[in-house]
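Me: I'd like to learn how to read charged side-chain pairs in a model like this one. Could you walk me through them?

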Amino acid sequence: MQLFAWERNKKTLFHFVSFAYFVPLQSDMSKTENITNRQFEETAAECRQLFEKKLHDYGASWRILRPQSLTDQLFIKAKRIRSLEECGESLVGEGIRPEFIALINYGIVGLIQLEKGFADTVDMTVDEALAAYDRHIGEALELMKRKNHDYNEAWRDMRVSSYTDFILTKIQRVKEIENIGGKTLVSEGIDANYMDIINYAVFGAIKLKE
C-alpha cells in the first residue's frame, strides 16, 4: 500500500513539475510571437507609407507591368542585396534594408497584378490601390502568423543572407513557372511564392532594424 501511494504521489509530482515547466515555456513562446507580429505590423506600416508616397508621385503606373517584367524587377532587387552582402560596399548610397522594403512592395504589386491582370493604361485610383495593398499585406501577415507558430520562431536564428538566398530561389521558381505557362504538376502557384518573398523580406527588414 505504501509503495502504491508513493507511485501515485510520484505521478502527481511529475505532472505538477511538468506543468510548472511547460506553462512558462508556452507563455514565452506566445510573448515572442506577439513581438514578431508587432514587428511585422510596424514594417508593413513603413512599407505602406512609402507605397502611398510613390502612388502620389507616380500613380499606379505599375499596372502596366507584365508578370515577367515584375519578376525581373524582383530579381534585380534581390540580386543587388546579395551583391552588397558579398562585397560589403554600395556605390549609390542605398543599403540592403531599403531593398528588402522594395521587395515587400513589389511582392504586393505582384499579388495585385495576378489578381487583376496587367493593363495597358493606369486603371486604378490611389484609393483602390491602397485598398488592394491593405488586403494583400493583411493576408501575408496571417500566413506569417500560421507559419511562425508551426516553425516556432525559427527565422530568428537564421542569418539575413539566408533570407536573400531563399528569396532568389522563390524568384527563380516563379520564372520557371512563367516559362511553362503556369502549368505546374505539383508545385505551389506564383501567388504562394510571392507571399513567401514578402515574408522573407519582412524578416530581413526586421533583423536589419534590430
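This is a predicted model: local features need pLDDT of at least 70, side-chain atom pairs count only at pLDDT 80 or more; totals for chains, interfaces and linings use all residues.

Me: Which residue forms a salt bridge with Glu99?

Reply: That would be Arg80, with the closest N and O atoms 2.7 Å apart. Arg80 sits in helix α2 (residues 67-87) and Glu99 in helix α3 (residues 96-116), so the pair ties together parts 19 residues apart in sequence.

Me: Which residue pairs with Asp165, and how far apart are the closest N and O atoms?

Reply: The partner of Asp165 is Arg82, at 2.9 Å. This pair links distant parts of the chain, since Asp165 belongs to helix α5 (residues 160-179) and Arg82 to helix α2, 83 residues apart. Asp165 is partly exposed at 33% relative accessibility, and Arg82 is partly exposed as well, at 34%.

Me: What about Arg135 and Glu115?

Reply: Their side chains meet in a salt bridge, 2.9 Å from N to O. Here helix α4 (residues 126-151) supplies Arg135 and helix α3 supplies Glu115, 20 residues apart. Arg135 counts as partly exposed at 38% relative accessibility, and so does Glu115 at 41%.

Me: Which residues are linked in a network of salt bridges?

Reply: Arg48, Glu52 and Asp134 are linked in such a network.

Me: And how many salt bridges does the count come to?

Reply: With a nitrogen-to-oxygen cut-off of 4 Å, the count comes to 14 salt bridges.

Definitions and conventions: Residues are numbered from 1 along each chain as its sequence is written. Side-chain values use heavy atoms; hydrogens and water are left out. Helices (H or I, at least four residues) and strands (E, at least two) are DSSP runs, numbered from the N terminus. Buried means under 20% relative accessible area, exposed over 50%, partly exposed in between (1.4 Å probe, protein chains only).
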